[in-house]
Amino acid sequence: MNKKTTYIAPTSLDEALKILNNNMGETKVIAGGTDLIPRMRSGMATPKRLLDIRKLSLSSIKLQGDFICIGAGATHTAIMESELLSVYCPILRKVAYKIAGPPIRNRGTVGGNLVNASPAADLAPPLLINDAEVVLSSFRAERVVPLVDFFTGPGETVITHKEILTEIRIPVSTETAATCFIKLGKRNAMTISVVHSAVRFSLDSKGKIASSRIALGSVAPTPVRAVKAEEALEGELPGMELFQNVSALASEEVSPISDNRASAGYRLEMVYVLTKRSLLTAFSDYKKVI
Amino acid sequence: MEEIRVNFIVNGKSINLSADPTRTLLSVLRDELELKGAKEACGQGDCGACVVVMNDKAVNSCLVLVGQIDGAEIITVEGLAKQGSFHKLQDHFIEKWAFQCGYCTPGMLMSAYALLLNNPNPTEEEIRASIAGNLCRCTGYNMIVEAIEAFANETAQN
Amino acid sequence: MMKEFNVIGKKLAAVGGQDVVTGKAKYSPDLELPKMLVGKLLYSPHACARIIELDVSKARELDGVAAVLTAEDIPGENSYLYWYPDQPLLVSDQIRYNGDAVAIVAAENEEIATAALDAIRVVYEPLEGVFDPEQALNQGTRRVWDEKENLHSHYISEWGDVELGFAQADVIIENTYSTHYQEHAMLETESAVAYIDHDGTIVVYASTQAPHRDQIQIARALNIPEVMVREITPRIGGAFGAKDEANVQIHAALLTYATQRPVKIIRSREESIRTHVKRHPAKIKYRTGATIEGKLTAVHMVAYGDTGPYVNAGEEVMMTMSAYGAGPYYVPHARSEAYTVLTNNPICGAFRGFGVPQVTFAFERQMDELANRLRMDPLDIRLLNCIKTGQQFQPKAVVRMGDGLRACLEKASQLSGWKERIKISREPEPNLKRGWGVATSFHKVGFDKNVSDHSSAAVNMAQDGSVVVRTGASDMGQGAHTVFAQIVAEHLGLKPEHVKVIRPDTTMAGDAGASVASRVTVFSGNALIKAAETIRQTLLDIVVEETGADPELIILRNGYAYIEGEQINLRIADLAAKAYERNLPMQASGFYSMDFPEAEMPDGSSGYQHIVCYGAHVAQVLVDIETGQVTVEKIIAVHDVGQVINPKGLRGQIEGGVSMGLGYALMEELHVDQGIIQNTSLESYLIPTALDIPQIIVDVVELPEDETPYGAKSVGEPPTNITPSAIANAVADAIGKPINYLPISPESVLVAIKAASE
């Protein structure tokens, strides 16, 4: 690493944001460092200064009014072990468990996962299907951005150099929802996803689908919602044929690339397979609970 | 480069040192404290050979910066024998031939230690998951899992 | 009838184990010496280029830089003197692969060393490289070396008359197979520490499989007598063939020589993956002929291996492929050809199996295709064709003991429930298909007759009866030193804790040959037995003098002498003390090279017997036919080992080899683009994790072999040779379609499923 990189670990959010107020990009925020440190090692990231947010008490997970509020500094392990999330958003815990391995999960944070904005960000799809919002704090200002509007490209988001992502908010849902997450990787741990999918829906009093959400990762420049596929689910009775048709629609809403992990064609096919399987599994799990 | 002063505990011993805050914990352990057990086999968190236990959690010491260790309690493989009955975990590794070249072993032991601190009676799946971030090229893992299981069983009986 | 031993076959803790689990074990990156410098190599960014300008002056001027060396600064030979002396230590004219080094630096610390590398000015003129091994053989293609063709060698191994054999066949199967690169991914990358001893000796601690060979190369590079170089191997963090050739140790020696200070060089993971040798990717055309009953009549194999620009072990690997072309079967007419092709792709060389995994994949897929065509059970067709003792398997060689293959197959069948597999569901879920595959292969013990292949070893007994084993054989984790301790302890009747094995050291021990080719147990083991025998005779003579007993009735065991099974009041320690009193020598050396007893070949010509060992694996897999993902449910691995010396060490070797084979079959893939490896990290080159390895059931067949230590053969490479084929056959069985390429990626499975049936 570049020996000239300086380091600062402020103890209050105000202090941190004040420092960033003059940031033109030479200061990078660091939390767990599981992505930033390797990139600094390879020369892909060359910040002049690191601003460590670990002392800013941004790691709580709590219920506040109608929202679950997850501090951006909460590690993947904290998410896995959160009793609150096991009640209100169990899918998030299951997804966190599929990230890397224990040593990475003990340091990597949900905020980091989102800000790094890899198209393969594991936590993005489960947060997207839960209509998550992110809180971007800057000196004397704060804005709330729906996660669906947060990502703008591979590794790019709407966050500015002066902002810190401080919190992720998930609206608490009163209805029972069917959810499922599937990650396709090249091995069973420590793997970046080839394709992953997350779905969520509930059933109204007539047994028809309502509030459907489908989110997909590693198949577009950013994690995406398959909006047309979601619309096609609304108001319909769940069933194999519907799920197959909807999955076909989902594969029209993505634009995967070919890389060392998989070809675009394979990814496209897997969008269909994973969406279909997610919907089927979500529905069958739902039926067991109801 | 401005150095910072950090206070932390390694294997029960208080350490006070001044270092570049962007230096890794791994390099401090190996080069300042002469604790060579943790190894650099990839330098970026892909292999687990540098795993130590910090505040009761397994971490890749190549991804922890000096600026982040103030106040931390760190256990490395050199300090494992003094943690309760964990010297028996080391004995089980020998008894069960849970290493061949041994390069991954310090990291493996520390991941196992972190697991067993919180979960003294793990299932096989849980054991495998706990060392999923520790790559081994020699053993194929099954004998490592058996060593950890044997220790857990022995401890459970006592 | 199994002989009962005291130490052989017993569980024994690994030598040095206590140090490993307490973090005290010292590998070369752990060594610290006063005033030690950090050494680094500057590698070419190109795969094929001419060096127009190389200017190190600015780097030399930097504060804290102790030396910057280029090719012209090498006092002696600028060459790795491995199998073939074509690879320079430092390149000055033409870059031929992406891992060529142009300069080396030594500096006070890592930061300054990196700055020095940055300060070296190199102007390259990129050249058109040769990256397609098939095109490389075309006339119009550019030559990797101006002075020679891109075809380095063409080996043919044949006997009988293949045309006749095919004419006799009722069925002929012909296919083309391809296999890919594999990266060793040993946990410890290449490393070395060099310093100058008080008497001017260049001492190098290196992570190496061949300390004596390194010694020669360092001496030649420095232009000094070999005895002025001492190489020692500390503990090694894995090798699998990557450390058979010299990698950074000669450079470390050059820098220490130039600076007169200790120098440590450690390759980063990225440098390691980028520069060291890989397993040869191969294209193998295979034609098999058999009778309607399934008996093989003829085999014709043609294999092409892309070895990169430097021959390295390429010729040997391809020669091995041709030597193994007929498989572990009796084939009356065979012709196996192997071409070594030069390109500007990554260099290929020694890797556990040394060509055998690739060729096994081809002939084992052929056997399954044959079984398919003839509607025979795949295991039965192999049993039918098993080679037997005394049958020909090379142009001039027959198998010395051949019953191991049948025994392994039968045991594998039994342990895997092969005959009952029809009772198990082939479709546990709508999208999952289950399949079973069997595969077998063989491995020669030792290289061959008329090849330089020998081991020296020595044993010193101290006055208290404890023993030092002086070996030059590297233990890279496979447990060789533990095996040595057991062999010597057994032979001298000592408790294992009274036997110490030194770190291999070229000053302290003779050349044991490299730790390769599954040869260490047999070659070093036999050398040690000879050495130990000399001492044992001395001790027996003393017992006879003291007691008047008949020497035939005396044995040494557990630290005591026994006469007619009764322990007498003479400890080995007492005998040793008496030996010293009586001026009897208590140091002995042993030397072993393989005896290849004569044999008559089927054509009447004179040949020889070769020791071979066998193995059989069964894999049970589940294939998700929508995603193409393969899950291995279990692997049964049975190996013909002669005699188990250390059961746990053996199991470890087999399971490790199986895991490496599983990775090679399913998930390991190097992406090479225009000669440059794209995935040089352990994040992007995937080896199995603990969650990827299934249950592995290990068993052995013990048919003791003559001329080997206690009947023991070898097991280092056979498992890796066989597992990939067992998995491939299982996947093909699951989906009912051929699998002709490795790796078996999910995409390739889907392609195979969709392929039209023949």
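In chain A, A:L136 sits across from A:R143 of strand 7. Strand 6 (residues 133-138) of chain A runs antiparallel to strand 7 of chain A, and six bridges link the two; strands count as paired when DSSP finds at least two bridges between them. Helices (H or I, at least four residues) and strands (E, at least two) are DSSP runs, numbered from the N terminus. By way of provenance, this is a predicted model: local features need pLDDT of at least 70, side-chain atom pairs count only at pLDDT 80 or more, and totals for chains, interfaces and linings use all residues. Residues are numbered from 1 along each chain as its sequence is written, with chains lettered from A and ligands numbered from 1 in the order in which they are written.

Zoom out, and that pair belongs to an open, antiparallel sheet of five strands in chain A, ordered 4-5-10-6-7. Strand 4 (61-64) and strand 7 (141-146) of chain A are at the edges with a single partner strand each, so one side of each has no neighbour in the sheet.

Now hop to chain B, where the domain assignment, automatic or from a database, gives domain 1 (4-76) and domain 2 (80-157). Their C-alpha centres are 21 Å apart. Domain 1 of chain B puts 16 residues into the contact and domain 2 of chain B puts in 15, contact meaning C-beta atoms, placed from the backbone, within 7 Å. On the domain 1 side, strand 3 (51-54) of chain B gives the most, with three residues.

Over in chain C, C:V488 touches C:V459, C:V467, C:V469, C:V499, C:L528 and C:A532, leaving aside residues up to four places away in sequence.

Conventions:
Two residues are in contact if their C-beta atoms, placed from the backbone, lie within 7 Å.
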